[in-house]
Amino acid sequence: MGDKQALFSASLIPPEVSRSFPDGFNIRPLERGDYSKGFFDCLEVLTWIGDIKEADFLERYDEMVEAKGTYYFVVIEHEGRIVGTGALVVEKKFIHQRGKCGHIEEISIAKEHQGKGLGINTIKALDSLAINLGCYKNILNCGPRNEHFYVKCGYQNSGIEMSHYYEEERDAYHRG
């Protein structure tokens with residue numbers, strides 16, 4: 001499928017951020033046609049995906065498009081394959097003068113491309129998106145093993161994450 005419909009305008013990613021990626025690696029918005037380019041292979045590095053067919057992907061993608069101003073998935077493309085991804089979800093609040101808070105989600109780099117600065121540059125891209133969209137802060141949740149990485153990206157521990165799951169108990173990989 002050659003559908004190039006982007007989730008958001010690529011102009012929201014500053015050129016200096018795009019240029020910070022190594023040669024041959026292109027950061028861009030998620031596109032409707034990305035199902036067959038390894039998007040889920042990349043996400044599987046992070047957590048369990050399930051059995052998601054192309055129709056499922058397209059349905060969720062279209063829902064994200066309809067929620068304009070909320071979902072900003074970026075992907076890193078290399079040699080026609082998606083090798084990295086991350087998302088900014090924008091929460092519109094009443095507090096902070098009706099401010100916007102960004103939530104960083106699903107940072108995932110294909111194992112064979114880890115250690116090349118793609119993760120840090122993805123965070124920089126999402127931070128730039130948040131600034132361009134008027135967010136007053138970004139927040140994220142991570143496990144203790146990833147805390148050092150996010151500290152390198154400029155984030156600091158600012159509390160305790162709490163969860164209340166509504167599904168049967170699973171191992172950490174399948175829990176999410």
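Trainee: Why is Glu77 called buried?

Mentor: Glu77 has a relative accessible area of 15%. Buried means under 20% relative accessible area, exposed over 50% and partly exposed in between, with a 1.4 Å probe and protein chains only. The value for Glu77 is 15%, so Glu77 counts as buried. A word on the source: this is a predicted model in which local features need pLDDT of at least 70 and side-chain atom pairs count only at pLDDT 80 or more, while totals for chains, interfaces and linings use all residues. Residues are numbered from 1 along each chain as its sequence is written, and side-chain values use heavy atoms, with hydrogens and water left out.

Trainee: Is Arg28 buried or exposed?

Mentor: Arg28 is buried, because its relative accessible area is 7%.

Trainee: Why are Glu63 and Arg60 about one helical turn apart?

Mentor: Both sit in helix H3 (residues 54-66), and they are 3 residues apart, so about one helical turn separates them.

Trainee: What makes Glu91 and Lys93 partly exposed?

Mentor: Glu91 has 30% relative accessibility and Lys93 has a relative accessible area of 21%, so each gets that label. The two side chains meet in a salt bridge at 3.1 Å, N to O. Elsewhere, salt bridges that share partners join Arg28, Glu31, Asp34, Lys37 and Glu77 into one network. The structure holds 9 salt bridges.

Trainee: How do you know that Ala125 is buried?

Mentor: Its relative accessible area is 0%, so Ala125 is buried. Ala125 is found in helix H5 (residues 118-132). Not counting residues up to four places away in sequence, Ala125 touches Val17 and Ile27, where contact means heavy atoms within 4.5 Å. The C-alpha atoms of Ala125 and Ser20 are separated by 9.5 Å, although these residues are 105 residues apart along the chain.

Trainee: How do you know that the chain agrees with a compact globule?

Mentor: The radius of gyration is taken over C-alpha atoms, and the globule rule is 2.2 Å times the number of residues to the power 0.38. With 176 residues that rule gives a radius near 16 Å, and the chain has 16 Å, so the two agree. Along the principal axes, the C-alpha atoms fill a box of roughly 40 × 40 × 35 Å. Buried residues make up 39% of the 176. Among contacts with a separation of 6 or more, 65% come from residues 24 or more positions apart.

Trainee: What elements make up the secondary structure of the chain?

Mentor: There are 7 helices and 5 strands, running α-β-α-α-β-β-α-β-α-β-α-α from the N terminus on.

Key
Helix = DSSP H or I, 4+ residues; strand = E, 2+ residues; numbered from the N terminus. Salt bridge = Lys/Arg side-chain N within 4 Å of Asp/Glu carboxyl O.
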